Number of protein chains: 2
Amino acid sequence: MPDAKNILFIMSDQLRWDYLSCYGHPHLHTPNIDRLAERGVRFDRAYVQSPICGPARASVLTGRYLSSNGASTNFAPLRVDELNIGDYLNPLGMRTVLTGKTHMVPYIKDLDRLGISAEQRKYIAEGGFEAEFRDDGLHPSAERSKNHHYNVWLREQGYEGDNPWNTHANSSVDDAGNIYDGWFLEGAKFPANIKEEHSETPYTVMRAMEFMKEASASQSAEPWCLHLSLIKPHWPIIAPAPYNDMYSEKDFIAVNKSEAEKENAHPVFEAFMGHKDSTTYADDTIREHALPAYMGLIKQIDDQMGKLFAFMEEQGLMDNTMIVFTSDHGDYFGDHHLGEKDFFHDCSAKVPLIIYDPSDAANATRGTVEARPVELIDLIPTFVDIAAGKAVASDKNIRLDGMSLLPLIHNQDVKWKDFAVCEIDFADRRGPRAMGLSSHESWSVMLADEHYKYIAFHNLRPMLFDLKNDPMELTDLGEHPDFADIRNQYKDKLLSWFISGRWRTTMDDSDLERVGLGVNREKKGVIIGYWDEADLPAEVQEHRKLN
Amino acid sequence: MPDAKNILFIMSDQLRWDYLSCYGHPHLHTPNIDRLAERGVRFDRAYVQSPICGPARASVLTGRYLSSNGASTNFAPLRVDELNIGDYLNPLGMRTVLTGKTHMVPYIKDLDRLGISAEQRKYIAEGGFEAEFRDDGLHPSAERSKNHHYNVWLREQGYEGDNPWNTHANSSVDDAGNIYDGWFLEGAKFPANIKEEHSETPYTVMRAMEFMKEASASQSAEPWCLHLSLIKPHWPIIAPAPYNDMYSEKDFIAVNKSEAEKENAHPVFEAFMGHKDSTTYADDTIREHALPAYMGLIKQIDDQMGKLFAFMEEQGLMDNTMIVFTSDHGDYFGDHHLGEKDFFHDCSAKVPLIIYDPSDAANATRGTVEARPVELIDLIPTFVDIAAGKAVASDKNIRLDGMSLLPLIHNQDVKWKDFAVCEIDFADRRGPRAMGLSSHESWSVMLADEHYKYIAFHNLRPMLFDLKNDPMELTDLGEHPDFADIRNQYKDKLLSWFISGRWRTTMDDSDLERVGLGVNREKKGVIIGYWDEADLPAEVQEHRKLN
């Protein structure tokens, strides 16, 4: 097959890496996603750059670490001059199209201050996407969500009310007809108050298929990158029948926690244990209510992927489209005494990542597992290389912190990164702030390679996990005397990661050559430290004679 | 006296901290600057955030570290959305006016991409100043500099040619009438080819006085911050008579270097030793030519300060104007086997800083020496507090990395910073790049407190100086086995400095309260980890009943 022309970039929300059968879930069978992995590469150490929706996505879509782009909490606006996926791909002739979630918030204060045009503002507000259909999946307010595309469509299908997103798709109903608001967990085991085909995942996938059909039919046949960005299995955790009822306790992976974790827990970890979502999921009854719905929502996604891939086969798109399947972070579900995501254990910070590349160049890696650490910021550089039809991302784009994955997918020799980095800004989290940390002190950084995971804080002791000997991450070696040397090694790695030219965002290598490395400066007459003309480099003397 | 209304912010260029008599120079007497120190506070450990013109000034004028604002090399454009001195002071009713140098380069690529208006572009290009008179002091090209204000004025005074800046102000002439181009050092001991009163320093000071006179005469009497930013004693090192001939070898501070420094020198330090400016100043003959001119230029600045301060007394401005006197970095002049600036020893990275505050609140500190470490990024927060008439800088301006100096000047109890930080991006320097370092690896960070100076590099060993026991910085303890614990302590401090909320540039503390710390989220209906309504916090239940 020739090289990919289009990119289908599928992202689930809050999908744990280990809740797919190709990643080893023993009871949750996901044959369609598994089949994609058989045809592509399955990455075994893919880390997000922050295990929280907003910052995770801001990093993916800018190709930059949290400490580079600064959009570090949920609802933190992205700086006005950050480059987005459209800024990278559109100039290379590739459309960037969205169906689903981005969580992108523009920085209105600076858009106003800088007097930025209406057209440019819209582009920035949508993160560089043509928003075919945007849905951030947060619509508790009937008033504000009345005219949302999905609500309009649901009303066309016969659902009543201002906000059927909430009252139907994200509410459940028991046998007696009692309705449960999906924002609470008590109703999680009952089926959604909606027909399966009208629920959020099939709707979002349908919109993606509609776009692909239109794009294929259009005269221009312009290449596209479609971000099919699903809201589920993120909360509200409500699955439509039959998916609500497919799994029960016997299908669960056992909760991964120990009492020893609570003893001498790192103070920030301990503060997270006190959060409401953590104490909630400490209750097995609640896990028994919520996990079947979570697993059902994943099963539904897999079925929808089956439909989508079959549609793409029919349309001939499997031959010219790179398909990426991943998630923005995982979910603790009671592991390590935590709920939700927001901390650094693998169930939260590591995600599934599968990449199918139709190109013959990828044949050697089909069905293989890539064990080297990769980061989701590596996706934009990969897409840039696809859009450009050659390797350009790393050389030309000084603001990209990631590396193109194509050399791995094409089984080429490449000096790869030694570790993945993930950052958490917890300045908006109540637990650690109650410890008395200022917003400036509320930041942490994880570095993970194939052996260790090192987590550093501002003026607090680090955490350390030996991933090789303790893959369940139950023993924090952050104070263990035998590991002082290891901690020191990883501290050095982390400090070197920070001491980096990535802060230089307005000068590329050719600019550096022009202003300082070449003799351009001397030729222009800025001559520093020379005694007389004869003391100048020969080429500058020659140049001065000619001028 | 009441609190200051105006600010006169004087910056010399390349003025070493120890080349003023109030800082201990035994032969170079600077009574006017000394007198300012007697009336104000003299800071003994003031560090620039980079010892290179462009990045030093970008840090001063944005109030942010190099790794925050990214304008890290000479001619690196400032990011479009960085806030400048005008963005901070103008909204508080204070004009920001420039006479002299800023080195500011706008990022045209992003101004174009974002479609920013012509008016806003001009504001950004001048760094938020009304450029009463801008002179970056780099005018080797006659063609490009023909219409520069200073050249126009020089021609009005009778100097001929397209570029009298170069051919008169910055050239010298010997007794026989031979002209020497000031870009070369051979002519440094001869007088400038210009009358003293027409040379660059008096002209720039005159422009500043003209502005003050106009501002005093105007009806509005709007407060102002005037940046009187002198080019000298920066190269071209040419002093007008009589200043060229006031000093000779007997007046020099001895060169500060040892052969031991060359043995086992840190590889980056060694690479800098190989630069042309370093090998040039290794030659004592060249020092003997250049240092008298350098010292003369400083003496001329001091005399001009005398005139300026006398003028301000006459105008009543000493009663309502804060005066800051500082420099953007120093000069090695052969110390430590280096020329120019660009590295971390005190002669390069530490600068004079004197602040006179007319307010009665400052009476207790007049004539005192402040030994705690301060950073030039502390100036903008200080100015914000003056402009606001109260302490607001640290609370409200999330992008300011510095701290207001007013509590120190007003002798108030304050938890002050423990150290100063300075960074160098050497990706545009030939020596270290010739070692094979990539542009990403060419970054370094210094942390200095009252005892130690620790310098860290990307994947290279650190440097360490014991400032208390080796104030001349002749012994690098970066590999000394006895100092392993000290190095480890400072490595921790530096890593904590990096792990910080300063990367979060679009959310202030009230935004964090709104999105995460308060119960606003739950009140809006985004409810995470609750079983049912009864499980909600009381205030949210109450709120839901009312809605």
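In this predicted model, Arg121(B) has a relative accessible area of 23% and is therefore partly exposed, since that class lies between the limits of 20% and 50%. Asp112(B), with a relative accessible area of 46%, is likewise partly exposed, and the side chains of Arg121(B) and Asp112(B) meet in a salt bridge at 2.7 Å, N to O.

In chain A, the side chain of Glu370(A) forms a salt bridge with that of Arg372(A), at 2.8 Å from N to O. Glu370(A) is buried because its relative accessible area is 11%, which falls under the 20% limit, whereas Arg372(A) counts as partly exposed at 31% relative accessibility.

A further salt bridge joins the side chains of Arg57(B) and Asp328(B), with an N to O distance of 3.0 Å. This pair links distant parts of the chain, 271 residues apart: Arg57(B) lies in helix H2 (residues 53-62) of chain B, and Asp328(B) lies in the loop between strand E8 (321-327) and helix H14 (346-349) of chain B. Arg57(B) and Asp328(B) are both buried.

| Salt bridge | Distance, N to O |
|---|---|
| Arg121(B) and Asp112(B) | 2.7 Å |
| Glu370(A) and Arg372(A) | 2.8 Å |
| Arg57(B) and Asp328(B) | 3.0 Å |

Beyond these pairs, a network of salt bridges links Arg64(A), Arg79(A), Asp81(A) and Glu82(A) with Arg64(B), Arg79(B), Asp81(B) and Glu82(B). Over all chains, a search of the whole structure finds 76 salt bridges.

How values were computed. Residues are numbered from 1 along each chain as its sequence is written. Chains are lettered from A and ligands numbered from 1 in the order in which they are written. This is a predicted model: local features need pLDDT of at least 70, side-chain atom pairs count only at pLDDT 80 or more; totals for chains, interfaces and linings use all residues. Side-chain values use heavy atoms; hydrogens and water are left out. A salt bridge is a side-chain nitrogen of Lys or Arg within 4 Å of a carboxyl oxygen of Asp or Glu. Buried means under 20% relative accessible area, exposed over 50%, partly exposed in between (1.4 Å probe, protein chains only). Helices (H or I, at least four residues) and strands (E, at least two) are DSSP runs, numbered from the N terminus.
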